[in-house]
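User: I would like to learn how to read a structure like this one. Please take me through a few features, with the general idea before the case.

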Amino acid sequence: MKISKKSKSIIIKSFLFASLILLWEVYAIRLNNPLMFPTFNETIKGFFTVIQNGELVSRILSSLKVQIMGYVIGGFLALILTIFAISTRFGAYLLELLTAVFNPLPPIALLPLALLWFGLGYGSIVFVIVHAVVWPISINIYSGFQGVSNTLKMVSKNYELSTFEYIFKIAIPAAFPSILTGLRVGWAFSWRTLIASELVFGVSSGNGGIGWFIYEKKNQLDINLVFAGLLTIILIGIITDVIFEYIEKRTVVKWGMKTK
């Protein structure tokens, strides 16, 4: 019986995942120090305990609420900047200058200023998430627009399409692989920035996110719950990655713009 490529990939990844869990368990048992490195079994027990009592669920929802807010705002600003950039020469110069200046700047480095400008609340974290999102998305969208073939540009001229008709009817569909890559990278950057910000300052009105959950449990020496928080971050990252892969298969792969 011939095993398909997809089934083989699932089997190999499952084997590697099981091997990592086994190494984790063996190392933790040999170390025998739960305050340094709890076993996988203790971590899973702690994970289900905080899931059942609702503590971790409320922290997850709190984090996702802030992240989605910053992600949507950053994505919208990136779209405006890139549309302006392909519409005018001045817009292109402006986008290139802004990305050159601000893209190398770590978002977390802006948190002290954000706290001064927006105070002790979600606004500060949303601000640094927007900074983390807008530049990688802008770069990828603009790169996708720049990669639109001259043939398609000539078609738009032959049909006498306006700038906005060209953008929405030709440029965006043609550049969709780059746009999707930018959205994927932007999401990953926003997620990392959110967790880092919450670890530094992540509580507002008595309700913090996953990063603050990890910080609290570290102070309370519930190290198995610290690992449970880290495991939650990984699981959410995997879930969002699967969602983006599904979107990619239903769009750019289905359209023949990319092979899998």
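User: What is the mean pLDDT of the chain, and what share of its residues reach 70 or more?

Analyst: Where pLDDT is low, the predicted coordinates should not be read in detail. This is a predicted model. The mean pLDDT of its chain is 84, with 92% of the residues at 70 or more.

User: Where is confidence lowest, and where is it highest?

Analyst: The lowest mean, 50, belongs to strand S1 (residues 203-204). Helix H2 (residues 40-52) has the highest, at 91.

User: How many helices and strands are there in the chain?

Analyst: The chain has 11 helices and 2 strands. Their order along the sequence is α-α-α-α-α-α-α-α-α-β-β-α-α. As for overall dimensions, the C-alpha trace spans about 70 × 65 × 30 Å along its principal axes.

User: At what angle do helices H5 and H6 pack, and how far apart are their axes?

Analyst: Two packed helices are described by the angle between their axes and the distance between the axes. For H5 (residues 111-118) and H6 (residues 122-146), the angle is about 135 degrees and the axes are 8 Å apart. An angle over 145 would count as roughly antiparallel and one of 65 to 115 as roughly perpendicular, so H5 and H6 are oblique to each other. H5 passes H6 in a right-handed crossing.

User: Which residues make that contact between H5 and H6?

Analyst: From H5 come Leu-111, Ala-114, Leu-115, Trp-117 and Phe-118. H6 supplies Gly-123, Ser-124, Phe-127 and Val-128. By class, the residues of this contact are 7 nonpolar, 2 polar and no charged.

User: How do helices H4 and H6 pack?

Analyst: H4 (residues 89-102) packs with H6 at about 135 degrees, and the axes are 10 Å apart. H4 and H6 are therefore oblique to each other. H4 passes H6 in a left-handed crossing. On the H4 side, the contact is made by Ala-92, Leu-95, Glu-96, Leu-98, Thr-99 and Phe-102. On the H6 side are His-131, Trp-135, Ser-138, Ile-139 and Tyr-142. The contact of H4 with H6 has 7 nonpolar, 3 polar and 1 charged residues.

User: What is the angle between H3 and H6, and how far apart are the axes?

Analyst: H3 (residues 55-87) and H6 pack at about 40 degrees, with axes 6 Å apart. Roughly parallel needs an angle under 35 degrees, so H3 and H6 are oblique to each other. Their crossing is right-handed. The contact of H3 with H6 contains 21 nonpolar and 7 polar residues, and no charged ones.

User: How many aromatic pairs does a search of the whole structure find?

Analyst: A pair of aromatic rings is described by the distance of the centres and the angle of the planes. The search finds 12 aromatic pairs. One of them is formed by Trp-24 and Phe-40, with 5.1 Å from centre to centre and 75 degrees between the planes. The pair is edge-to-face.

User: Where do Trp-24 and Phe-40 lie?

Analyst: Trp-24 is in helix H1 (residues 5-31) and Phe-40 is in helix H2, so the pair ties together parts that are 16 residues apart in sequence.

Note on methods: Residues are numbered from 1 along each chain as its sequence is written. This is a predicted model: local features need pLDDT of at least 70, side-chain atom pairs count only at pLDDT 80 or more; totals for chains, interfaces and linings use all residues. Side-chain values use heavy atoms; hydrogens and water are left out. pLDDT is the predictor's confidence in each residue, from 0 to 100. Helices (H or I, at least four residues) and strands (E, at least two) are DSSP runs, numbered from the N terminus. Axes are lines fitted to C-alpha atoms, for helices over the stretch in contact, and angles run from 0 to 180 degrees between N-to-C directions. A crossing is left-handed if the near helix is turned anticlockwise from the far one by less than a right angle, and right-handed if clockwise. Contact means heavy atoms within 4.5 Å. Ala, Val, Leu, Ile, Met, Phe, Trp, Tyr, Cys and Pro count as nonpolar, Asp, Glu, Lys and Arg as charged, and the others, Gly among them, as polar. Rings of Phe, Tyr and Trp (its six-membered ring) pair if their centres lie within 6.5 Å; planes under 30 degrees apart count as stacked, over 60 as edge-to-face and the rest as tilted.
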